[in-house]
Every structure is written in C-alpha cells, then in structure tokens.
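This report describes selected features of a protein model. The sequence and structure are shown first, and the description follows.

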Amino acid sequence: MSLFRTIEDVWEYLDSIPMFQKTGTSASNFGLKNIQEFCDQIGNPEKDFKSIHVAGTNGKGTTCNLLEAVYQNAGYKTGMFTSPHLLKYNERVRINGSDVSDELILKFFQTTEKELAAVRLTFFEISTALAFWVFSKEKVDIAIVETGLGGRLDSTNIINPELSVITSIGIDHAEILGDSKEEIAREKAGIIKSNTPVVIGNVSGNECLVLLDKAREMNSKVVLVSNGNPYFENGVVLFPGTNEQFKTHLIEPVNAWNIASVKAIIEFMQEQYPVSVHAQKEAIENFKGLAARFEKLVPTLNWYFSGAHNKQAIDSLLETVRSFTRGKKILIFTLMKDKVNSSILEGLSEFDKIYFFEQGGERGAKKADIDRYLSVQQINNKNQQKILNELKTELVIFTGSFYFYSTVKRWLN
C-alpha cells in the first residue's frame with residue numbers, strides 16, 4: 001500500500017525529515033551524487049526545461065521573482081523554485097506565478113515513492129527534485145532556479161542553464177561555505193558552467209576577481225552589472241548617462257542592483273526569449289515587492305518585516321531605516337546561533353528599543369547569547385500582545401530570520 005494516499009501523508013513524511021531551519025548542517029547534504037542518482041532514476045526531469053540559475057548571498061529571491069514577473073508579462077510560461085517557504089511548503093515551486101497545487105505535489109510523491117525509498121534525500125533535495133519534476137510535467141518555457149546554499153555543491157547545480165547569475169557575495173553560512181568572501185565566491189562560482197554566460201551583480205573587489213577567474217576557466221562570457229552604475233532615489237532606479245529609469249514600489253536602495261541585474265539578464269537573453277521594452281518596464285514597475293523583504297505588515301502602521309540575517313542584509317536594512325526620519329525606531333528580532341557575532345549585532349544598537357524573540361529548535365539563539373553584545377528585552381508568545389499594543393505609533397522593524405515570519409504573522413492575526 002502507498003505511503004502517500006493523501007497530501008497529509010506527504011506533510012507528515014516531510015515533517016519527519018530534518019530541516020536546515022531547525023537543525024542546521026546535519027540536515028544538509030553538500031554533494032550532487034544523491035540528487036543526480038534520484039533524478040536519473042525518475043527520468044532526468046532536470047534536462048527537460050530551459051533555465052536561469054541564480055546564486056548569491058542576498059538579492060537572489062527578489063531577482064528571481066522579478067524575472068518571473070517580466071517573463072510572465074511577456075507571455076512565457078514560467079517555473080520558479082525558491083526557498084525557504086514562509087507560510088506553506090507549496091510556495092517553493094511556482095508555475096506562472098501560482099504556488100504548485102497539493103494535487104501535483106501528491107502525484108510526485110506517489111509516482112516516485114519507490115525511488116524515494118531507494119535513494120536517501122534531504123528535505124532540500126526532495127524539494128529540488130519536486131521542482132524539476134513539476135517543470136518537466138508542466139512544460140515551462142523558462143524556469144528560474146534559486147540555489148539554496150552556496151552553489152558548487154547545491155542540489156540545484158545538476159541543471160545546465162542558459163545563463164548563470166550571481167547577485168552578491170557576503171559572509172553567510174561561514175561554517176559551510178568558508179569564512180572569507182573569496183572562499184564564499186569560489187562556492188558561488190561553482191554554478192558557472194562551460195560556455196554558459198554569467199551575469200555578476202553587486203560584487204566587487206577580490207571576490208569579483210574570483211568569479212572572473214572561474215568564468216575565464218569555463219570560457220563563459222561575463223556581464224558586469226556594475227558597469228551600469230545603477231542607483232536608487234526615492235523609489236526610482238536610475239542608470240547614469242541614460243534616460244532609462246524604473247519607478248518602483250520598493251523601499252530598499254539595494255533593489256537598484258536587483259533591478260539592474262534583471263535588466264542585464266533580459267537583454268542578454270533577448271535573442272532566445274524576446275521581451276519588449278514595455279513588457280519589461282510594466283512588470284518591474286508593477287512589482288509590489290516580496291513578502292518578508294521590507295514588507296509593510298499593517299497598512300495603517302509603520303511596521304515592517306525584513307528577513308535580513310547576515311551583515312550585508314543588515315547593513316541594507318539599516319540604510320533603509322535611516323531614511324525614516326520621524327519617531328522612535330523599535331527593533332523586534334530573532335537570530336540563529338550561527339549568526340550571533342559582533343559584525344551583525346553591533347549595528348543594531350542604532351535602534352531606540354530592542355526586543356529579542358527566542359526561536360525554538362537547535363539553531364535558535366537564546367537571549368543570553370545576545371546579551372553579550374546588546375541590551376535587549378525579551379518578547380515571547382505570552383507578552384507580545386501587550387508590547388505590540390504599546391508600539392502602534394512607532395516605526396517597528398521585525399527581522400533576523402525568514403523563519404520568524406510565520407510567528408509575526410500569527411501575532412498580527
């Protein structure tokens with residue numbers, strides 16, 4: 001009898017597998033052997049669709065979603081794979097902007113049950129294989145595939161894309177990827193394939209040289225987004241020396257780089273995937289931003305959620321917060337143990353008042369870990385209502401981890 005009779009059986013099965021979110025590296029498998037073996041056994045769905053492969057420390061989620069919006073607006077059938085999910089597993093795989101259905105997820109697990117039993121896959125590897133299987137079944141015109149961690153040994157790296165993209169390089173997951181930007185750049189550069197062009201976003205210095213060396217080695221043409229000198233002014237992305245500009249709904253200045261990267265990608269892919277200037281501009285200017293990326297949580301309040309969880313993202317967050325000139329600035333944050341360090345925490349002292357939430361699971365930092373760097377008050381599921389009621393006139397930033405999002409949404413509901 002099948003293990004997977006209903007979608008609830010699938011959720012139960014996935015819940016039984018360790019997740020990186022809760023247990024860290026013990027839930028990961030950095031290597032392509034298992035995912036490749038599994039995909040070989042189910043008919044190599046990863047070879048059935050054209051793709052754009054996106055890696056980077058920050059910006060890759062926004063870049064992927066912008067690409068999806070542009071290509072969809074231009075009339076292409078799109079697939080997209082991103083992680084982590086915020087509220088529901090289905091968010092990880094999308095077809096034409098819609099989350100994959102429970103029915104299709106169930107069908108994947110029923111169809112591949114024998115292979116799942118034969119090849120031991122991690123949570124992320126299963127999610128990757130599901131995405132590739134769905135893109136194959138749905139016959140997408142173009143799939144936008146975001147890496148999980150790094151690139152070289154990331155399970156998404158069994159695809160042969162039309163184009164690789166590296167959005168940014170910063171220190172994150174140092175225990176896995178290396179504790180210098182150059183080492184991390186080498187891991188991200190692992191998605192650059194032979195004779196396959198690469199778009200390099202907000203990357204400079206030695207880490208950019210690492211990427212350029214890899215591109216030379218792979219005989220890959222390079223597009224440097226930095227050559228366009230994009231900048232952000234009051235929600236408008238501008239390109240000096242040109243009349244081009246995009247009036248956006250976005251708040252964070254770093255989005256100048258994400259939009260410039262998308263523009264470069266669309267231009268480079270123009271021969272294969274023609275997109276009119278109007279379709280591109282309309283999609284970018286109508287893009288409302290992403291959940292958990294400086295998302296306004298309550299229409300009537302200055303309360304925002306940002307998933308910033310590394311130094312590069314926290315610096316971007318602080319730059320945005322400084323543009324709010326009125327009122328007290330309140331921080332409500334959580335953090336994983338592996339992110340507790342002075343480079344991330346010292347910048348947060350700019351806030352007038354700081355509350356810390358202890359996440360569950362092995363990876364969650366405790367208040368005692370934070371107290372060594374910052375003076376914080378504790379917020380939890382019991383006192384949050386009282387605290388939030390007192391902050392309705394303030395600027396409130398919830399941040400520190402995408403895994404905090406579902407908790408905050410529950411508080412607000």
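In which loop does K139 lie? K139 is found in the loop between helix 7 (123-138) and strand 5. The model is a predicted one. In it, K139 has a positive phi of about 50 degrees, although this residue is not a glycine.

A further backbone feature concerns S83 and P84, which are joined by a cis peptide bond with omega of about -5 degrees. P84 is placed in the loop between strand 2 and strand 3.

An open sheet is built from 8 strands in the order 4-3-2-5-1-6-7-8, and its pairing is mixed. Strand 4 (98-99) and strand 8 (222-224) each have a single partner strand and stand at the edges, so one side of each is left without a neighbour in the sheet. Helix 4 (residues 60-73) packs on this sheet, where it touches strand 1, strand 2 (78-81), strand 3 (93-95), strand 5 and strand 6 (163-168). The direction of helix 4 makes about 170 degrees with that of strand 5.

Strand 1 (residues 51-55) and strand 5 (residues 142-146) run parallel and are joined by 4 bridges. Helix 11 (residues 255-268) lies across strand 1, strand 6, strand 7 (198-202) and strand 8. Relative to strand 7, helix 11 runs at about 165 degrees.

The pairing of strand 12 with strand 13 (residues 303-306) is antiparallel and extends over 3 bridges. In this pairing, R293 stands opposite S306 in strand 13.

## The second largest pocket

The volume of the second largest pocket is about 300 Å³. It is lined by 18 residues, of which L86, E91, R94, A291 and R293 are the closest to its centre.

By residue class, the lining of the second largest pocket comprises 7 nonpolar, 5 polar and 6 charged residues.

## Salt bridges

Side chains of opposite charge can pair when their charged atoms come close. The structure holds 15 salt bridges, and one of them links the side chains of D213 and R216 at 2.5 Å, N to O.

How many residues apart are D213 and R216 in helix 10? They are 3 residues apart in helix 10 (residues 205-217), and therefore about one helical turn separates D213 from R216.

Notes. Residues are numbered from 1 along each chain as its sequence is written. This is a predicted model: local features need pLDDT of at least 70, side-chain atom pairs count only at pLDDT 80 or more; totals for chains, interfaces and linings use all residues. Side-chain values use heavy atoms; hydrogens and water are left out. Two strands pair if DSSP finds at least two bridges between them. Helices (H or I, at least four residues) and strands (E, at least two) are DSSP runs, numbered from the N terminus. Contact means heavy atoms within 4.5 Å. Axes are lines fitted to C-alpha atoms, for helices over the stretch in contact, and angles run from 0 to 180 degrees between N-to-C directions. On a 1 Å grid over the protein atoms alone, a cavity is a set of points where a 1.4 Å probe fits but cannot get out, and a pocket is an open set with protein on both sides within 12 Å along at least five of seven lines; lining residues have an atom within 4 Å of a point. Grid points are joined across faces, edges and corners, and a volume is the space filled by probe spheres set on the points. Ala, Val, Leu, Ile, Met, Phe, Trp, Tyr, Cys and Pro count as nonpolar, Asp, Glu, Lys and Arg as charged, and the others, Gly among them, as polar. A salt bridge is a side-chain nitrogen of Lys or Arg within 4 Å of a carboxyl oxygen of Asp or Glu.
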